[in-house]
Amino acid sequence: MRFLVLGGGLQGSACAYDLLKQPDVEHVTLADFSENAGASFLPDDPRLGRATVDFSDSAAVAALMSEHDVVLSAAPYYFNVALDDDAKEAGVSVIPDMGVAPGLVNVLAAEGMRRLDSVDSAKMYVGGLPQNPVPPLNYQVVYSLEGTLDYYTTPSAIIRDGKRTVIDALSEIETLDFNSLGTLEAFHTGGGASILPWSYEGKVDRLEYKTLRYPGHADIMRNVREMGLLSDEAVNVKGQSIVPRDAFIAAVSPLLTRPDEPDLVVLRVEVTGQ
């Protein structure tokens, strides 16, 4: 089969790397805005091709997709719109949320609930963290910082008292202990629960997803957000129209990008019931 990976960042490069380790994969095309995209760990493999494409050019993207059997999208989140009815009409299978969170963590929670006759609660916790945290944020970029900040500003869909509702991101901080890492903090973020709040409304009393970070991270980011630095509404700065979030990403991303520093993933799912 011929695979197309949209997005040559850390996640897209990892997708291409994994595909190239499969002997029955005929070809992998890594497509990105930049012709130089792709992490340094990608192998020198004749099956790996590259393409330059503007993801906002739907005709160009569609033409590129038509040359492949399977498409994996690691493009920025705002390009990944799930068009269920259109996909069905076109006879195309679309599988969203194929990461860790949303993704694996939701599968584990659903399986935990399936094994019980009645479910009281399902709680999902995930964090991508540096092994060697550096203050003040104790965080490093493991995928798009733009996507991370979207999680920090988008309300989180949860289930409380059997009913679906939304709650503010970066709220309801709790602490959890992990043997190898010590104490981490957990707080609500948008998107991690995927469609579970819709699928299990009325079937479970409580369901929620929280992001894990080293202690103190949520308070700092909440203050940053409340000062308007994560806003996507443009402001005038010395006669120039500037989007605060774009300026924040441009200033902070180089400080949080440490390609030579190892990271880790922490994941915990707790399902209780009878």
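## Exercises on a predicted model

The largest cavity is lined by Leu137, Tyr139, Leu145, Thr148, Leu149, Tyr152, His217, Met221, Phe248, Val252 and Leu256. The model is predicted, so local features need pLDDT of at least 70 and side-chain atom pairs count only at pLDDT 80 or more, while totals for chains, interfaces and linings use all residues. Residues are numbered from 1 along each chain as its sequence is written, and side-chain values use heavy atoms, with hydrogens and water left out.

**Exercise 1.** Describe the largest cavity and the elements that line the largest cavity.

Solution. Start with the terms: on a 1 Å grid over the protein atoms alone, a cavity is a set of points where a 1.4 Å probe fits but cannot get out; a pocket is an open set with protein on both sides within 12 Å along at least five of seven lines; lining residues have an atom within 4 Å of a point. Grid points are joined across faces, edges and corners, and a volume is the space filled by probe spheres set on the points.

Next, the count is 1 cavity of 30 Å³ or more. The largest cavity holds about 60 Å³ of space. H5, H7 and helix H8 (244-256) each give two or more residues to its lining, and H5 gives the most, with 4 residues. Helices (H or I, at least four residues) and strands (E, at least two) are DSSP runs, numbered from the N terminus.

Last, sort the lining by class: 9 residues are nonpolar, 2 are polar and none is charged. Here Ala, Val, Leu, Ile, Met, Phe, Trp, Tyr, Cys and Pro count as nonpolar, Asp, Glu, Lys and Arg as charged, and the others, Gly among them, as polar.

**Exercise 2.** Work out how helix H5 and helix H7 are set against each other.

Solution. Take the axes first: those of H5 (residues 145-153) and H7 (residues 217-226) come within 11 Å and cross at roughly 85°. This makes H5 roughly perpendicular to H7. Axes are lines fitted to C-alpha atoms, for helices over the stretch in contact, and angles run from 0 to 180 degrees between N-to-C directions. Angles under 35 degrees count as roughly parallel, over 145 as roughly antiparallel, 65 to 115 as roughly perpendicular and the rest as oblique.

Then list the residues that meet: Leu149, Tyr152 and Thr153 from H5, and His217, Met221 and Arg225 from H7. Contact means heavy atoms within 4.5 Å. The residues of this contact divide into 3 nonpolar, 2 polar and 1 charged.

**Exercise 3.** Give the strand order of the open sheet of 4 strands, and place the helices that lie across E1, E2, E3 and E4.

Solution. The order is E3-E2-E1-E4, with parallel pairing. Two strands pair if DSSP finds at least two bridges between them. Strand E3 (48-52) and strand E4 (70-73) are the edges, each pairing on one side only. Direction ignored, neighbouring strands are turned by 20° against each other on average.

Within the sheet, strand E1 (residues 2-6) pairs with strand E2 (residues 27-32) over 5 bridges in the parallel sense. Arg2 stands opposite His27 in E2.

Helix H1 (residues 10-20) lies across E1, E2, E3 and E4 and runs at about 175° to E2. Helix H2 (residues 58-65) lies across these strands as well, at about 155° to E1.
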